[in-house]
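Please open the model in your viewer and keep the selection panel at hand. We will go from stop to stop, with something to select at each one.

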Amino acid sequence: GGGTSPFAGPISQRTSEDAPSPPLNVMAYNLSSTSIMVTWQPPQLANGIIRGYQVNYFASGGNGATSVVDTNVANSTNLTGLVGYTTYTIFVRARTVIL
């Protein structure tokens, strides 16, 4: 009669990296009237190797211009050259090879 062969293998293959989940515990601290330190923790789901972080920020109620800071794997960055007594909106995202 019929029959089945033994299994070939085993082999293993890792799936590609994917976008990570958002960084955790993003906080901002005033360093001076023109600079802010932004800190965060790594995302809960890295979905690969975290290559760095991107910080986007803009003056709230301003002209909509967004500044971008790319960091390495550090969990903080300083935003400098800001306008005194101005509220800034800040976003942080992690990146793997896929962003």
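Predicted model: local features only at pLDDT ≥ 70, side-chain atom pairs only at ≥ 80, totals over all residues.

Residues are numbered from 1 along each chain as its sequence is written, and side-chain values use heavy atoms, with hydrogens and water left out.

**Stop 1: the whole chain**

Start with a cartoon view. The protein has six strands and zero helices; here helices (H or I, at least four residues) and strands (E, at least two) are DSSP runs, numbered from the N terminus. The radius of gyration, taken over C-alpha atoms, is 21 Å, well over the 13 Å from the globule rule (2.2 Å times the number of residues to the power 0.38) for 99 residues, so the protein is more spread out than a compact globule. Its C-alpha trace spans about 85 × 25 × 20 Å along the principal axes. Of the 99 residues, 23% are buried, where buried means under 20% relative accessible area, exposed over 50% and partly exposed in between (1.4 Å probe, protein chains only).

**Stop 2: the strands around β2**

Select β2, residues 35-41. How many bridges join β1 to β2? There are six, and the two strands run antiparallel; strands pair if DSSP finds at least two bridges between them. The hairpin from β1 to β2 passes through two residues. Pick Ala 28 to find its bridge partner in β2, Val 38.

β2 also pairs with β5, again in the antiparallel sense, over four bridges.

**Stop 3: the nonpolar core**

Next, select Ile 36, Val 38, Trp 40, Ile 50, Tyr 53, Val 55, Tyr 57, Leu 79, Leu 82, Tyr 88, Val 92 and Ala 94, the 12 residues of the largest nonpolar core. Such a core is a set of buried Ala, Val, Leu, Ile, Met, Phe, Trp, Tyr and Cys residues joined through side-chain atoms within 4.5 Å. At least two core residues come from each of β2, β3 (52-59) and β6 (88-95).

Zoom in on Tyr 88. Leaving aside residues up to four places away in sequence, Tyr 88 touches Ile 36, Tyr 57, Phe 58, Ala 59, Ser 60, Leu 82 and Val 83, a contact being heavy atoms within 4.5 Å.

**Stop 4: the salt bridge**

Show Arg 51 and Glu 17, whose closest N and O atoms are 3.2 Å apart in a salt bridge (a side-chain nitrogen of Lys or Arg within 4 Å of a carboxyl oxygen of Asp or Glu). The count by this rule is one. Arg 51 sits in the loop between β2 and β3, and Glu 17 in the segment before β1 (24-32), 34 residues apart. Arg 51 is partly exposed at 33% relative accessibility, and Glu 17 is partly exposed at 21%.

**Stop 5: Thr 86**

Finally, find Thr 86 in the loop between β5 (76-79) and β6. Is Thr 86 buried or partly exposed? At 30% relative accessibility, Thr 86 is partly exposed. Its side chain reaches the backbone oxygen of Val 83 at 3.2 Å, and a polar atom of that side chain lies 3.1 Å from the backbone oxygen of Gly 84.

Methods. Polar contact = N/O pair within 3.5 Å; in protein donor to acceptor, adjacent residues only side chain to side chain.
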